[in-house]
Protein chains: 2
Amino acid sequence: MGALTRRLLVIGADAAGMSAASQARRRRGPDDLDIMAFDRGNFSSYSACGIPYFVSGVVDQVETLIVRSPETFWDKQSIQVHLRHEVVEIDLDRGVVLVDHRESGHQREHGFDDLVVATGSVPVRPPLPGAGAEGIFGVQTLDDGVALRAYVADHTPRQAVIVGSGYVGLEMAEALCALGVETHLVDAAPQPLSRLDPDMGALVAEALRKFGTVLHLDQEVAGFEAGAGGEVSAVVTSEGTIPAQLVVLGLGVRPNVALAEAAGVEVGPSGAIAVDQRMRTSQPAVWAAGDCAEKRHRVSGRFVTVALGTHANKEGRVAGINLGGGYATFPGVLGTAAAKVGSLEVATTGLGEAEAELAGFVTDSVLSESTTRAGYFPGAAPITVKLVVEQGTGRLLGAQIVGKEGAAKRIDALALAVWNEMTVEELLGVDLSYAPPFSPVWDPVVAAARRAADRLSS
Amino acid sequence: MGALTRRLLVIGADAAGMSAASQARRRRGPDDLDIMAFDRGNFSSYSACGIPYFVSGVVDQVETLIVRSPETFWDKQSIQVHLRHEVVEIDLDRGVVLVDHRESGHQREHGFDDLVVATGSVPVRPPLPGAGAEGIFGVQTLDDGVALRAYVADHTPRQAVIVGSGYVGLEMAEALCALGVETHLVDAAPQPLSRLDPDMGALVAEALRKFGTVLHLDQEVAGFEAGAGGEVSAVVTSEGTIPAQLVVLGLGVRPNVALAEAAGVEVGPSGAIAVDQRMRTSQPAVWAAGDCAEKRHRVSGRFVTVALGTHANKEGRVAGINLGGGYATFPGVLGTAAAKVGSLEVATTGLGEAEAELAGFVTDSVLSESTTRAGYFPGAAPITVKLVVEQGTGRLLGAQIVGKEGAAKRIDALALAVWNEMTVEELLGVDLSYAPPFSPVWDPVVAAARRAADRLSS
C-alpha cells in the first residue's frame, strides 16, 4: 500500500462496523483503501441475540455464534481486525486515534482519513448497593454470555433473579428455567415487555408463568445482598427480599457515545450520535452506525435509539457504500421486534396505543383472535392480532401479535403496511397468501384489518 | 316482510355469495332487505381448499370444512339458503330466475331486485376418449371430495394417476401417497406448478419424488382405458400407458359464466364476468363475485381469472357493502398463492420471469439461498427466495419462495412490497422482524433484496 492510500478506521468490529468495512471494500480495493478495525472484546462479528440460547445450551458451541473471524476478514477482504484493542481517544484535529492494547497495556496512535464509530451500546446499570457482588451478570456481549454460562456450570445456582423484562430478560428467563433454575423476574412495570399494550402483555405474563417463571411486577430493585465470599445471595426489592445465587441484569442498554462525544461529535435528542441519512455525523470525517447511532422513527417522526442487529447491519452497509464512493441512505425504523417466550411468539411494529397518543395521534384499536392455520387443520393454534389505527383516516400506526408457532413472522406484513402508510381498508384488500396449512381463508392479519375497516365504515 | 321489501337473490351459496349476503345484511335489516341464496350442491360456505386434506384423512369429518350451515344463516342473519336448488335461467327483463329443485324435479320462479352471481368455476375437462369411466374424479366441490374419499375406501386402488400439477394436483399427490397408493403425476409441462420459474419448479419436483410420487412430465394425456365393469384401468399418455384404478383430474378450472352470459351479462377478455371495481356487471341489477368474476392483475394490468377463496370472500364483501348502500371497491390481485408439498412450502406473488417478459417488462432476477431461522438455531432449514426485478428501476415485480417450515408465509411481506410498487432498495430498508428462532439477522426476504440491490448499484 502506497503512502497515498486512504485510511478507513473502524471502532467496534461487530455488525455495524464490519458491515461498513465490507461494503467499503466491495467498492475500493486494498491499493485504494486501507481498512483497519479495533474492538475491545474477544470476538468479532457475532450474534448477540444468540447469547440466551448459548446460555441455555440450545446453541452448544460459542463459535457457531461468530459470523466471521478476524482471519477470514483478512484472508477474504484484506480488512485488518484487531481484537482486545480499545480505542480510548479520538483526536479529530490530528486525525488519529489512541489505541490501548489491553493485554500488553501498550498504547499506540493510528492515523485515519475516515472514521466509523460503531461502539454499540452499554448496559444500563443503576448504582444500586451491592451491585459489585460476584454472580451479577449483564448479557450484552458474547464475553458476558461466556462468563455467565461458565458461572452457571461452576456454581449451579438454585435460584436466579432476572432484573428487567425486555426481550433479552424473557429469553434469559426461559434459558434459566430450562436449566432447572428457580427463576424470578423483577420489573418496575405492571407487566412484562412494557412496550406492549396491557392486553397483549397479559398474554406474555401467562406464558412466562407457564414454564415456571415467578413474576414480581410493579417492584423496584433496591439493591443486592452478598455472602461472606462476596457472592450474591439475594435481591432486595421494594416489596421484599428474593434469595438468589445468580442475578442477570436486563435493564436495557444505552448508546455508547462517550468516546465520540469527547471528540466533539454531536449527540442527538435521543442520547445517541446524531447522523444524517447517509450515516455521517456532525464531523465530516466521522460516520456512525449501529446501536450508538440515532434513528428516526418513521411513524412518530421522533429520534429514537434501538439496539438491534438488523439496523446495525443496514446502517453499516449504508455508511460503507457512502465511504466507498457510492450513495445510500438509511430510511429510519418502525421499532419492529420479535421474540419467542416458551411456546409463545411475540412481535410488534410501529407504535403501541400509548406511544401513538404520545406522538399526537388519536387512535382506535382493534383486537382480533384467530388461528395460525385453518381452524380444521392439525396444529392450528391461537393467535391474537392487535392493530393500532388512526381514528378517522384508518391509517395503520402499529401492530402487535401474540400467538403460537407461525405467529411472530406475520408482523412483517404489518410492518410493510405501516411502512407504506396504508389504511386498514387498503391492507384488507392486499392479496396475501392462503392455504389451509398456513392460515385460515381470512389470514389473521387480514381478519384484524377487516374488523378495523368494518368498524370505521359502520 | 312487507310487499315493498327489496329482494336480493344470490346464486351460489359459497364464499363469494354468502360474503355478499352477510355484508348486505349487516347494513340492511330483514324488514328492509329479503335475502335468499340458491346452490345446486349439498353444502354451503365450505373450504374447498381443505378437500385434499379430507381425502387423506388429515381432516376427518366433512362437517369441519363447513364454515356455516343454512340453519345458522337463517337463525343468525335471517338469510334463506336453499341447497340442491339450481338456478337454470336468469330473466333480466322480468326480474326473475328459474330454479330447479334437483330432488323433486320441480321448477319455480323467484323474483329479485338485485342479483349476485357467484357461480364459481367448473373444472377443465378436455373431451378425452374414455373420460366417462368410473373412478375418474375432479376435486372441485365438497361433493367431489366426499365421493372421492368413499371411492378410495370402497375400491382401495393400488395405483392412481393425477392429471395436472397445479396446487390441488400436488396436494392430492401427497394425500394419495399418504394413503399408501402408488401415485403418478402427469403434466404436459416440463415441471410441476408451471407458474413457477424452472429453477424453483425443480425444487418442487424433488419434493414430490421424495414422498413417492412418480412424475411423468412433458406428457399429454391421450385418454383412459376401462375394464369390463366400466371402471378405469389405465391412463394413456403421449409416452405410454400407466395402469391406474383411480384418476384425479387437476387440470384447473374455468369461470362458470354460462348462466350469466345467456342472460346478457358481459364476459370480459379473461373469460370471466366483467365487473367494475364495485363488482357490478354490465347489467345494473346484476353483481358478480368470486371465481366467476374477472380480476385485474395489479402488476401486468391485465384481466385474469383466479379461483381462490380469499378473493371470493373479499369480492363478496365488496359487492355486499355496495348492495347494502355503502361504498367499497376491490383493488385487484397479485396472483399470490401458497401450498405445502410434503415438508416443502411453496409460495408465489406477482409476476414470474416469463409472465413479466410477456407483460412487457425487462427483468433481472436474483436467487438467494438462506435459512428459515438463524443458522446456528435448532430447526434452521433451507429457504430459497427468488425476486423478479425490473431492470433499471429495481421495482419488484414478483417473488417466489421454496423452503421448509416457516418459508411460505414470508411471501406476504413480498406481496405487500409488490402491491406498493416498491424497489428492492426500498424493500431492503424496511424494518422487518428478527430473532434467532424466526430468522437470520438478514431475513431471507431482506437478504434477497440486498442481493438484488447490490447488483443494481454495482
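Trainee: Which residue takes a positive phi just after helix 10 of chain A?
Mentor: A:E421, with a phi of about 55°. Bear in mind this is a predicted model, where local features need pLDDT of at least 70 and side-chain atom pairs count only at pLDDT 80 or more, while totals for chains, interfaces and linings use all residues. Residues are numbered from 1 along each chain as its sequence is written, chains are lettered from A in the order in which they are written, and side-chain values use heavy atoms, leaving out hydrogens and water.

Trainee: And helix 10 of chain A itself, buried or exposed?
Mentor: Nine of its nine residues, 411-419, are buried, so the helix is largely enclosed by the rest of the structure. Buried means under 20% relative accessible area (1.4 Å probe, protein chains only), and helices (H or I, at least four residues) and strands (E, at least two) are DSSP runs, numbered from the N terminus.

Trainee: Switching to chain B, where is B:L193?
Mentor: In the loop between strand 11 (182-186) and helix 6 (198-210) of chain B. B:L193 has a positive phi of about 50° though it isn't a glycine, and it is buried at 5% relative accessible area.

Trainee: What about phi of B:M279?
Mentor: Near 80°, again positive in a residue other than glycine. B:M279 sits in the loop between helix 7 (258-262) and strand 18 (286-288) of chain B, buried with a relative accessible area of 2%.

Technical notes:
Buried means under 20% relative accessible area, exposed over 50%, partly exposed in between (1.4 Å probe, protein chains only).
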